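Here's a quick briefing to read with the model open beside you.

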Amino acid sequence: MTRDDVRAYYQGFGDREWTRLATAEGSVEFAVNTHAIAAYLPPGARVLDIGGGPGRYSLWLAERGHRVVLADLSPELLASARDKVAASAAGALVEEIVESDACDLGRWPDGSFDTALSLGPFYHLPAPADRDRAAAELARVLRPAGLAFVALMPRYAFLRRTLALPDERPRLARPDFVARVLDDGVFINDLPGRFTDGYGLRPEEVAPFFARHGFIMLALLASQGIAAGLEDALAELPGSNPAAYQATLEVVVRTADDPSILGLSSHLLYVGRKAR
């Protein structure tokens, strides 16, 4: 998938990417991720939200007093972000909304940010050289001891999503498709308009990869936690039993770092600190 392909994939999303994090599945992911970000982020940080799309996380950060630069490959999603920011009381803390590539953050000098979010780009980088560039750029624009929050996808997520979609299931009978996902982590989808050219990794590969680029891992979390595949059931609870919902969500957040569930999550969240 070229950068133009990525732009084209997200071009028609409109508000779908904004509202996704309020859906049954997305709300669990958002809860786990924001809990982790809030736990580690120092007050008044300057944050780069690379791959931030329509700005859901950027505005969440701005509402908590952080200064944010929002960057993404998609002009359409950035246009949506500008509308959302303009309508927000915290919009003044979003310093800049710009088109940028995670593999080239050259518009920002070394050490420009206290924290960086990259909650999308890395699983759109099937080429190893691109992943290395993105990680190196992330490290470069962070100040010493700066924090990085990076969304990743485990390999099994691509097989699980294929099984979940009836018109994609036939490729599970193709040994070449399955082998490429399991052996190389590369997901190729030949159906037009669908997610394709994804990259999935093994959880045990995450810490060594980022360590090569100067990061110390603080946490690796399953963004769907023990609710993976059960998000709809969890979403039914607030109406029938709010106390059970809140208690269950707290368990999901508290156990998100359990190594036994990392590989079956749809997304992982890496939390790392740049070495001094």
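Let's start with a charge pair: Arg140 and Asp110 join their side chains in a salt bridge, 2.8 Å from N to O. That pair ties together distant parts of the chain, with Arg140 in helix α6 and Asp110 in the loop between β3 (94-99) and β4 (113-118), 30 residues apart. Keep in mind that this is a predicted model.

**Salt bridges**
- Arg140 is partly exposed, at 22% relative accessible area, while Asp110 is exposed, at 56%.
- The count of salt bridges comes to 18.
- Glu168 pairs with Arg161, and their closest N and O atoms are 2.7 Å apart.
- Is Glu168 buried or exposed? Glu168 counts as buried because its relative accessibility is 1%, and the cut-off for buried is under 20%.
- Asp167 and Arg194 also meet in a salt bridge, at 2.6 Å from N to O.
- Both partners there are partly exposed, Asp167 at 44% and Arg194 at 29%.
- A network of salt bridges links Arg161, Asp167, Glu168, Arg171, Arg174, Asp176, Asp190 and Arg194.

**The second largest pocket**
- This pocket has a volume of about 180 Å³.
- Its lining has 8 nonpolar and 4 charged residues, with no polar ones.
- Among the lining residues are Phe122, Arg131, Asp132, Tyr199 and Phe210.
- Which helix gives the most to the lining? That's α9, with 4 residues.

**A nonpolar surface patch**
- Tyr40, Ile216 and Leu218 make a nonpolar patch of about 240 Å².
- Leu218 sits in strand β8 (residues 215-222) and is partly exposed, at 31% relative accessibility.

How values were computed
Residues numbered from 1 in each chain as written. Predicted model: local features only at pLDDT ≥ 70, side-chain atom pairs only at ≥ 80, totals over all residues. Heavy atoms only, no water. 1 Å grid on protein atoms, 1.4 Å probe; cavity = no way out; pocket = protein on both sides within 12 Å on 5 of 7 lines; lining within 4 Å. Points joined across faces, edges and corners; volume = space filled by probe spheres on them. Helix = DSSP H or I, 4+ residues; strand = E, 2+ residues; numbered from the N terminus. Nonpolar A, V, L, I, M, F, W, Y, C, P; charged D, E, K, R; others polar. Patch = residues over 30% accessible without salt bridge, like charges linked within 9 Å, V, L, I, M, F, W, Y side chains within 5 Å. Areas by Shrake-Rupley, 256 points an atom, 1.4 Å probe, with all protein chains shown as cover. Salt bridge = Lys/Arg side-chain N within 4 Å of Asp/Glu carboxyl O. Buried < 20%, exposed > 50% of the residue type's maximum accessible area, 1.4 Å probe, protein only.
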